[in-house]
Amino acid sequence: MSELHKFLFDGLPVRGMLVRLTDSWQEILKRRQAAGGYPVEVMHLLGEMTAAGALMQGNIKFNGALILQIFGDGPVKLAVAEVQPDLSLRATATVTGTVDAGSSLSQLVNVNNEGRCAITLDPKDKLPGQQPYQGVVPLFGDQHEKLENLGEVLEHYMLQSEQLDTKLILAADGNVAAGLLIQRLPVKGLGNLEGQIDWDTHEDQIGLNEDYKRIALLAGTLKREELLTLDADTILRRLFWEEQVTRFEPLTPSFACSCSRERVGNMLHSLGTAEIEGLIEERGQVAVACEFCGAQYEFDPVDAAQIFTHQNSRQPPTATVH
Ligand SMILES: [Zn+2]
């Protein structure tokens with residue numbers, strides 16, 4: 001079963017989280033098999049994004065979806081991981097070019113250093129006209145050097161957007177997508193979980209807190225194989241056996257897709273009558289597959305006509321018309 005563990009370092013301004021997605025990650029991959037699956041390098045990237053998305057959603061108090069997206073300028077044009085407040089999650093990637101064996105992060109999504117990573121917080125109960133919050137970071141470092149590690153990209157995001165020192169270690173294979181997050185906050189103990197930030201003393205300490213640095217350094221010794229194969233208890237014991245760690249009851253991320261016939265209908269509506277009539281004429285029906293879960297939605301001429309007579313709301317598209 002997939003697990004997300006939260007923990008605190010007693011008396012220190014440091015908290016952590018460890019996620020291991022097993023069944024939920026395997027389900028994401030299984031749903032893609034009908035469409036041929038992912039090249040292994042893309043699968044690794046998407047798994048790391050999904051683990052990171054779960055950690056980032058678990059790290060905030062926010063009633064809405066956290067959407068982690070990479071807009072690539074290489075063979076991977078788009079990769080998306082979306083995590084709801086209850087840690088239900090889904091992910092997909094669009095591969096349009098050839099992925100060479102052993103491709104690095106930059107070879108997948110940042111060939112010309114124009115790839116971007118976006119983090120969107122989309123509130124569940126939006127006020128009229130309210131836009132989701134979105135932060136965007138490049139896939140390069142301070143010297144414009146291409147970053148080859150998604151954890152580093154997101155560490156930059158945390159520092160820029162929230163002034164939080166963060167260590168993020170991610171790994172994925174065909175069975176497990178996992179991540180370890182260590183973060184410095186200026187409030188000790190339980191206050192960390194409540195987000196009670198003392199901003200006056202906070203910014204002064206960026207990159208300087210010795211307790212955070214020691215724990216982040218320990219976290220950095222975690223090897224990919226260990227993160228993928230060891231259970232949470234073993235990992236935390238091995239890394240932090242000299243620290244006083246308080247653990248919390250683990251949460252359980254799960255796979256879920258929010259697509260529906262109604263949403264697909266809204267998406268078709270937004271394409272317009274002419275486009276849909278053209279498809280009906282050509283193929284006799286319109287078939288739409290959800291890119292996240294593989295669900296098939298078919299609209300015959302009667303269904304299609306109804307889309308344009310019974311619509312009153314519009315949703316952003318999340319699927320492709322075939
Ligand atoms: Zn779906």
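In this predicted model, helix α4 is followed by Q163, whose phi is positive, near 55°. The protein as a whole contains twelve helices and 14 strands, and buried residues account for 37% of its 322 residues. Of the contacts between residues at least 6 apart in sequence, 67% join residues at least 24 apart.

**Helix α4 and its surroundings**

- Helix α4 spans residues 150–162, which is 13 residues.
- From the first C-alpha of α4 to the last the distance is 18 Å, close to the 18 Å expected at 1.5 Å a residue.
- The buried residues of α4 are L150, G151, V153, L154, E155, Y157 and M158.
- An α-helix has 3.6 residues a turn, so residues three or four places apart point the same way.

**The five-stranded sheet**

- An open sheet is formed by five strands in the order β8-β9-β2-β1-β10, with antiparallel pairing.
- Strands β8 and β10 (245–247) stand at the edges with a single partner strand each, so one side of each is left without a neighbour in the sheet.
- On average, neighbouring strands of this sheet are turned by 15° against each other, direction ignored.
- Helix α9 (residues 232–240) packs on the sheet, where it touches β1, β2 (14–21) and β10.
- The direction of α9 makes about 145° with that of β2.
- Strand β1 (residues 3–9) pairs with β10 in the antiparallel sense over three bridges.
- Within this part of the sheet, F9 stands opposite V245 in β10.

**Nonpolar cores**

- The largest nonpolar core comprises 65 residues.
- The residues with the most contacts inside this core are V19, L46, M49, A51, A52 and A54.
- Helix α2 supplies the largest share of this core, ten residues.
- Leaving aside residues up to four places away in sequence, M49 touches L68, I70, A79, A81, A91 and L150.
- One of these partners, L150, also belongs to the buried residues of α4.

Methods: Residues numbered from 1 in each chain as written. Predicted model: local features only at pLDDT ≥ 70, side-chain atom pairs only at ≥ 80, totals over all residues. Helix = DSSP H or I, 4+ residues; strand = E, 2+ residues; numbered from the N terminus. Buried ≥ 20, exposed ≤ 12 C-beta atoms within 10 Å, placed from the backbone. Contact = placed C-beta atoms within 7 Å. Expected span 1.5 Å × (residues − 1). Pairing = 2+ DSSP bridges. Axes fitted to C-alpha atoms, helices over the stretch in contact; angles between N-to-C directions. Core = buried A, V, L, I, M, F, W, Y, C linked by C-beta atoms within 7 Å.
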